[in-house]
Every structure is written in C-alpha cells, then in structure tokens.
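The sequence and the structure come first.

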Amino acid sequence: MIQLISINKDFYNGKVIFVQPKKENLLESESQFKARGMTPHIIDEDHLTEEMTSVAKGLYSYILKRKIKKTDVLLVTHQ
C-alpha cells in the first residue's frame, strides 16, 4: 500500500490519511514513506505541538492550517 501511494502521489495530491493499529506501526510506516520520497506527518499524543492540545485539534490544525503538498501523508493510529 505504501508503494502504491508513493507511486500515485500526483493522483492523491497530498490527500492521504494512513491509519495504523498501533504507534509502533506508525513509526515503521513513517520510515517506509520517507524512503520513498514522501513526507509523513504523525499526529498522536506523542507528536503534538503546543498549539495542538489534543489529537483532534492536531488533525484540525493539519488540515486547515498547512499548505499540503502532494508528497504529504498524514499518519494516525486508532489505538
């Protein structure tokens, strides 16, 4: 799936949310996306900035305030 997303990044145009079951899976996916020239962004409790007081606010901030590039991938967990 990661390879398919990276090959078709022009089609997806930065509108990919990749959900993993555990945080460990997110870190593994992050390194695989980076190896394929993508720019993964993890949003979970461990990756929040000061303005992101919750994961929900982090997602909201990412979607509304970022200029999303075609190589961007948002990584989240449902853990």
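## Asp 72 and its salt bridge

Asp 72 is buried, with a relative accessible area of 2%. The model is a predicted one. The side chain of Asp 72 meets that of Arg 66 in a salt bridge, with 3.3 Å from N to O. Arg 66 has a relative accessibility of 33% and counts as partly exposed. The cut-off matters here: a residue is called buried under 20% relative accessible area and exposed over 50%, so Asp 72 at 2% falls in the buried class, while Arg 66 at 33% lies in between.

## The other salt bridges

The count of salt bridges comes to 3. One of them joins Asp 10 and Lys 70, whose closest N and O atoms are 2.8 Å apart. Asp 10 is exposed, at a relative accessible area of 54%. Lys 70 is partly exposed, at 40% relative accessibility.

Another salt bridge is formed by Glu 30 and Lys 34, where the closest N and O atoms are 3.7 Å apart. A salt bridge requires the nitrogen and the oxygen to be within 4 Å, so the 3.7 Å of this pair meets the cut-off. Both residues lie in helix H3 (residues 23-35), 4 residues apart, which means a separation of about one helical turn. Lys 34 is exposed, with a relative accessible area of 52%, whereas Glu 30 is listed among the buried residues of H3.

## The sheet

Which order do the strands of the open sheet have? The order is S1-S3-S2, for 3 strands with parallel pairing. S1 and S2 are the edge strands, and each of them pairs on one side only. From one strand to the next, the twist averages 30 degrees.

S1 and S3 are joined in the parallel sense over 4 bridges. Phe 18 stands opposite Leu 75 in S3, and Ile 17 stands opposite Leu 74 in S3. S2 and S3 likewise pair in the parallel sense, over 4 bridges. Pro 40 has Val 73 in S3 as its bridge partner.

## Burial of S3

How many residues of S3 are buried? The number is 6 of the 6, so S3 is largely enclosed by the rest of the structure. In a regular strand, side chains alternate between the two faces of the sheet. Both faces of S3 are covered, with Asp 72, Leu 74 and Val 76 buried on one side and Val 73, Leu 75 and Thr 77 buried on the other.

## Helix H3

H3 has 13 residues and reaches 19 Å from its first C-alpha to its last, close to the 18 Å expected at 1.5 Å a residue. The buried residues in H3 are Leu 26, Ser 29, Glu 30 and Phe 33. They cover an arc of only 110 degrees around the axis, so they lie on the same side of H3. Glu 24 and Ala 35 are exposed on the other side of H3.

The cover over the buried residues of H3 includes helix H1 (2-7), strand S1 (17-20), strand S2 (39-42) and S3. After H3 comes Gly 37, which has a positive phi, near 80 degrees.

## Packing on the sheet and helix H4

The pairing of S1 and S3 runs over 4 bridges. H3 packs on the sheet and touches S1, S2 and S3, its direction making about 165 degrees with that of S3. H4 also packs on the sheet, where it touches S2 and S3, and its direction makes about 170 degrees with that of S3.

Gly 58, Ser 61 and Tyr 62 are the buried residues of H4. Seen down the axis of H4, these residues fall within an arc of 100 degrees and therefore line one face of the helix. The face turned away from this buried side carries the exposed residues Ala 56, Tyr 60 and Leu 64. S2 and S3 are included in what covers the buried residues of H4.

Key: Residues are numbered from 1 along each chain as its sequence is written. This is a predicted model: local features need pLDDT of at least 70, side-chain atom pairs count only at pLDDT 80 or more; totals for chains, interfaces and linings use all residues. Side-chain values use heavy atoms; hydrogens and water are left out. Buried means under 20% relative accessible area, exposed over 50%, partly exposed in between (1.4 Å probe, protein chains only). Helices (H or I, at least four residues) and strands (E, at least two) are DSSP runs, numbered from the N terminus. The expected span of a helix is 1.5 Å times one less than its number of residues. The arc is that of the directions from the helix axis to the C-beta atoms. Contact means heavy atoms within 4.5 Å. Two strands pair if DSSP finds at least two bridges between them. Axes are lines fitted to C-alpha atoms, for helices over the stretch in contact, and angles run from 0 to 180 degrees between N-to-C directions.
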